[in-house]
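Please read this briefing alongside the sequence and the coordinates shown below.

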Amino acid sequence: MTMIVCCAYPLGYGPAAKLHVIAEELQRRGVHTVFLGTGVTHEFAAHSRSGIAVEADPDDARARAVVAASDAVLSLMDRDYVRVAQELGKPYFVVDSLVWLRERIPEEFLASRRYWVQDFVGVRERLAETSAGAIVVGPVVRSMPRASEGGGTELVVSLGGLASPYQGDEGGVRYAEFVVEGLLRSEMLRPFQGRALVMGGRRCIEHLRRRHAGTRLDFATLSHASAVARLRRAALVVSAPGLTTALECFQLGVPTFFLPPQNYSQWWILKTLRARDLAPCSFHWEDRPTEHPITERMPEATRVPLLRDLLTRSMADREVARGFDDALAGVPAVDRRALASRQWSFFRSLGANATAAIAAEMQALC
């Protein structure tokens with residue numbers, strides 16, 4: 001039986017979710033998959049219980065042994081385990097959803113057996129500037145039919161993976177507190193009394209349960225399948241502006257509103273969605289009249305300390321909190337049906353779901 005090692009960039013929900021849906025498709029085709037990683041990637045795989053999950057750093061002998069025993073490696077934007085595959089002469093495949101933001105495309109990605117790039121605004125223009133032999137594909141998300149209009153009854157808040165170099169050692173707790181406190185101040189929760197759920201990573205959710213027990217919010221860390229099921233049943237979603245959750249909700253046709261960005265990619269994703277009228281009543285840190293030295297395609301070494309400082313200062317600023325409150329106050333007046341229609345149409349414009357095609361080509365090449 002073919003065995004493929006699956007790894008993902010360990011700093012958020014999106015890469016782990018994409019990895020998971022491709023792995024599920026590989027498993028349906030009779031391929032044995034092993035999830036290899038740490039942090040949110042390992043937590044995601046272990047919680048989903050859909051295969052073997054090995055927790056090991058790239059320099060751990062166990063990681064090397066797992067890769068050595070495999071037929072190939074699938075990477076969702078991870079470079080570290082890919083280097084192990086290169087050292088061992090193993091074929092590897094890369095799926096990238098953020099090429100449009102990259103200062104440069106990593107050499108490891110360009111040397112892969114296949115380099116798939118998920119389409120989004122600016123992707124084709126960015127690739128035209130390079131000599132990358134990338135294959136542009138449609139959304140890499142769980143394929144789901146559109147939800148029934150008016151069928152949802154609850155508010156779902158998605159905080160994402162909440163693991164980011166931009167939030168220091170607290171793992172997103174301060175960001176989660178900023179969001180939850182704003183929601184509790186708002187009138188948004190009134191129509192959803194007892195039917196409002198906040199989803200996020202385990203460590204963060206445990207903190208929120210301790211801090212906000214007895215409020216109008218429930219808190220949960222869910223498997224990917226369970227999280228998507230809750231999104232599907234939602235009357236509306238309020239989400240961190242990660243691309244994967246956005247596309248999942250757009251595909252479902254559930255009206256989706258966006259929280260401030262947690263990291264560099266979300267900074268530009270939210271700007272892109274707002275420019276296309278897909279993110280009304282969203283608050284962006286740059287909405288406050290302070291200096292924001294964040295530019296496109298910044299090298300990671302430069303942007304991490306800048307954005308970490310900016311987020312720390314912004315979340316402690318009362319004027320920023322008032323700006324977030326004002327954004328939430330506008331949500332009830334939005335035509336949700338029209339918003340969901342625009343978001344669904346945008347999802348459709350990105351092309352057919354690419355998950356099955358990626359899995360089929362990988363199986364054929366292994």
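Predicted model: local features only at pLDDT ≥ 70, side-chain atom pairs only at ≥ 80, totals over all residues.

Residues are numbered from 1 along each chain as its sequence is written, and side-chain values use heavy atoms, with hydrogens and water left out. Helices (H or I, at least four residues) and strands (E, at least two) are DSSP runs, numbered from the N terminus.

**The seven-stranded sheet**

- Seven strands form an open sheet in the order β3-β2-β1-β4-β5-β6-β7, with parallel pairing, where two strands pair if DSSP finds at least two bridges between them.
- The edges are held by β3 (52-55) and β7, each of which has a single partner strand, so one side of each is left without a neighbour in the sheet.
- From one strand to the next, the twist averages 25 degrees.
- Within this sheet, β1 (residues 3-8) and β4 (residues 72-76) pair in the parallel sense over five bridges, and Ala8 has Leu76 as its bridge partner in β4.
- Helix α15 (residues 355-365) packs on the sheet, touching β1, β4, β5, β6 (114-118) and β7, where contact means heavy atoms within 4.5 Å.
- The direction of α15 makes about 175 degrees with that of β6; axes are lines fitted to C-alpha atoms, for helices over the stretch in contact, and angles run from 0 to 180 degrees between N-to-C directions.
- Helix α4 (residues 80-88) lies across β1, β2 (32-37), β4 and β5 (92-96), and runs at about 160 degrees to β5.

**The five-stranded sheet**

- A further open sheet has five strands in the order β10-β9-β8-β11-β12, again with parallel pairing.
- Here β10 (218-220) and β12 (256-258) stand at the edges with a single partner strand each, so one side of each is left without a neighbour in the sheet.
- Neighbouring strands of this sheet are turned by 20 degrees against each other on average, direction ignored.
- Strand β11 (residues 234-239) runs parallel to β12 and is joined to it by three bridges, with Phe258 in β12 as the bridge partner of Ser239.

**Helices**

- Helix α1 (residues 13-28) has 16 residues and reaches 23 Å from its first C-alpha to its last, close to the 22 Å expected at 1.5 Å a residue, the expected span being 1.5 Å times one less than the number of residues.
- Of the 16 residues of α1, 14 are buried, so the helix is largely enclosed by the rest of the structure; buried means under 20% relative accessible area, exposed over 50%, and partly exposed in between (1.4 Å probe, protein chains only).
- Just after α1, Gly30 takes a positive phi of about 85 degrees.
- The axes of α10 (residues 243-252) and α14 (residues 336-349) come within 7 Å and cross at roughly 110 degrees.
- Leu247, Phe250 and Gln251 in α10 meet Gln343, Trp344, Phe346 and Phe347 in α14.

**Two individual residues**

- Ser314 lies in α12 (residues 300-315) and is buried, with a relative accessible area of 7%.
- A polar atom of the Ser314 side chain lies 2.8 Å from the backbone oxygen of Leu310.
- Leaving aside neighbours within four places in sequence, Ser314 is in contact with Trp285 and Val320.
- Thr130, found in the loop between α6 (123-128) and β7 (135-137), is partly exposed, with a relative accessible area of 26%.
- The C-alpha atoms of Thr130 and Arg104 are separated by 8.8 Å, although the two residues are 26 residues apart along the chain.

Note on methods
Polar contact = N/O pair within 3.5 Å; in protein donor to acceptor, adjacent residues only side chain to side chain.
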